[in-house]
Amino acid sequence: MNNIQTALQNRNHEKEKIMQEPYEIVKANETPVDYDLKQEEVGSSMTIIKQMYGNPVMNVKGICEQFHISDRTARKYMKEIEANRERYGEFAVMGEGPLKRVNYMAFTDYWKYRKMLGDKNARKHAPEYDPKEIAKALGFYATEVM
């Protein structure tokens, strides 16, 4: 293995370590990761800030554009999400009329498991709602290395 392959492998390993927990600040006292694949040392420590990109709350128009559905369908699904308060919580759908907002993670989960949640027997086998897992899968979490 040459130096470039080793550096790329180390870089990918460091990225995996960084992406494990969202919203944390890490002080690394180890040898810093050389992201530019140069032979120079960056410094004795680095600060990594994890942050969330995008907005986890969307209006009806945004949901319609994102999922390519009509306004009526989006509002119907939001009403069904409100009926599933025990799964999605009190703040999954907020507001009324043109100011209605929905949690994007809750809507995505409902979009995927709608048929299972509608059937009383299949509902028991639906996976637990985990917004962190959904956000991670959608690419909401990213890192900045300083």
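**Group meeting: helices, a pocket and a few loops**

Okay, so the protein chain here has 6 helices and 6 strands, where helices are DSSP runs of H or I with at least four residues, strands are E runs of at least two, and both are numbered from the N terminus. Going from the N terminus, the order is α-β-β-β-α-α-α-β-β-α-α-β.

Some housekeeping. This is a predicted model, so to speak of local features we need pLDDT of at least 70, side-chain atom pairs count only at pLDDT 80 or more, and totals for chains, interfaces and linings use all residues. Residues are numbered from 1 along each chain as its sequence is written, and side-chain values use heavy atoms, with hydrogens and water left out.

The chain has 146 residues, and 29% of them count as buried. Buried is under 20% relative accessible area, exposed is over 50%, and partly exposed is in between, with a 1.4 Å probe and protein chains only. On contacts, which means heavy atoms within 4.5 Å: taking pairs at least 6 apart in sequence, 61% join residues at least 24 apart.

Now the helix packing. How do α3 and α5 pack? Their axes are 11 Å apart, at an angle of about 95 degrees. An axis is a line fitted to C-alpha atoms, for helices over the stretch in contact, and angles run from 0 to 180 degrees between N-to-C directions. That makes α3 roughly perpendicular to α5, on a scale where under 35 degrees is roughly parallel, over 145 roughly antiparallel, 65 to 115 roughly perpendicular, and the rest oblique. From α3 you have Ala74, Lys76, Tyr77, Met78, Glu80 and Ile81, and they meet Ala106, Phe107, Tyr110, Trp111 and Arg114 of α5. By class, this contact of α3 with α5 has 8 nonpolar, no polar and 3 charged residues. The classes go like this: Ala, Val, Leu, Ile, Met, Phe, Trp, Tyr, Cys and Pro are nonpolar, Asp, Glu, Lys and Arg are charged, and the others, Gly among them, are polar.

Helix α5, residues 104–118, also meets α6: the axes come within 9 Å and cross at roughly 90 degrees. So α5 and α6 are roughly perpendicular to each other. The α5 side brings Tyr104, Met105, Thr108 and Asp109, and the α6 side brings Pro131, Ile134, Ala135 and Leu138. That contact of α5 with α6 divides into 6 nonpolar, 1 polar and 1 charged residues.

Let's zoom in on Ile134, which sits in α6, residues 131–138. Is Ile134 buried or exposed? Ile134 counts as buried, because its relative accessibility is 14%. Setting aside residues up to four places away in sequence, Ile134 touches Met105, Thr108, Asp109 and Tyr129.

For the record, a pocket is found on a 1 Å grid over the protein atoms alone, as an open set of points where a 1.4 Å probe fits, with protein on both sides within 12 Å along at least five of seven lines, and lining residues have an atom within 4 Å of a point. How much space lies in the second largest pocket? About 240 Å³, counted as the space filled by probe spheres set on the points, which are joined across faces, edges and corners. Both α5 and α6 supply at least two residues each to that lining. The lining has 5 nonpolar, 1 polar and 6 charged residues.

Over to α2, whose buried residues are Val60, Gly62, Ile63, Cys64 and Phe67. These pack against β3, α3, β5 and α5. Just after α2 comes His68, with a positive phi of about 55 degrees. His68 lies in the loop between α2 and α3, and it is exposed because its relative accessible area is 71%.

Asn84 is in the loop between α3 and α4, and counts as buried because its relative accessibility is 8%. Beyond its neighbours within four places in sequence, Asn84 is in contact with Tyr110 and Arg123. Gly95 is in the loop between β4 and β5, and at 41% relative accessibility Gly95 counts as partly exposed. The C-alpha atoms of Gly95 and Asn59 are 9.7 Å apart, for residues 36 apart along the chain.
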